[in-house]
Amino acid sequence: MKIQGRMFIWLSAFILIMAIVYGVWSKEPAGTTALFLAFGLSVMIGFYLGFTARRVDAGAQDDKEADVADDAGELGFFSPHSWQPLMLGFGGAIAFLSIAVGWWLIYFSAPFIVIGLFGWVFEYYHGENRTQ
């Protein structure tokens, strides 16, 4: 985490310089404000990562002799046979189509989105996969 903290601190220094240069040259308040806010966000993230790195054990990314496999771990569980993302994608496609065609079309996408979302969340609470 030390490396990530340093990266964000260096990024914040770069953003600060660019914000000053942009503000002087363009005299445009919205972009200058956005750059200064990005600077503040980058400083907060860099400080948090540096602050946390002192209190946790050194990770594989902090060791110069570490291999990529040293930082490998469990990525999570992904359902290989779920149809629910297809249902959500279909409902999302109809919802975004409603922006172009008409807002009334979103009423037809809502059942697909709700059924897909509830099906995905409660997929392992019923049926043959209940014990996984």
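Trainee: Let's start with M87. Which residues does M87 touch, not counting those up to four places away in sequence?
Mentor: M87 touches F112, I115 and G116. Keep in mind that this is a predicted model.
Trainee: Thanks! And where is M87 found?
Mentor: M87 sits in helix α3, which covers residues 84-101.
Trainee: Is M87 buried or exposed, or something in between?
Mentor: M87 is partly exposed, because its relative accessible area is 27%, and that value falls between the 20% and 50% cut-offs.
Trainee: Okay, switching to S82. Where is that one found?
Mentor: S82 is in the loop between α2 (29-53) and α3.
Trainee: What does the side chain of S82 reach?
Mentor: The side chain of S82 reaches the backbone nitrogen of Q84 at 3.3 Å. There is also a polar contact, at 2.8 Å, with the side chain of E123.
Trainee: And which residues is S82 in contact with, leaving aside neighbours within four places in sequence?
Mentor: Those are W120 and E123.
Trainee: Last one: what is the phi of K27?
Mentor: K27 has a positive phi of about 55°, although K27 is not a glycine. Most residues other than glycine have a negative phi.
Trainee: Where is K27, then? Buried or exposed?
Mentor: K27 lies in the loop between α1 (2-26) and α2. K27 counts as exposed because its relative accessibility is 67%, over the 50% cut-off.

Technical notes:
Residues are numbered from 1 along each chain as its sequence is written. This is a predicted model: local features need pLDDT of at least 70, side-chain atom pairs count only at pLDDT 80 or more; totals for chains, interfaces and linings use all residues. Side-chain values use heavy atoms; hydrogens and water are left out. Helices (H or I, at least four residues) and strands (E, at least two) are DSSP runs, numbered from the N terminus. Buried means under 20% relative accessible area, exposed over 50%, partly exposed in between (1.4 Å probe, protein chains only). Contact means heavy atoms within 4.5 Å. A polar contact is a pair of N or O atoms within 3.5 Å; within protein, one must be able to donate a hydrogen and the other to accept it, and residues adjacent in sequence count only if both atoms are side-chain atoms.
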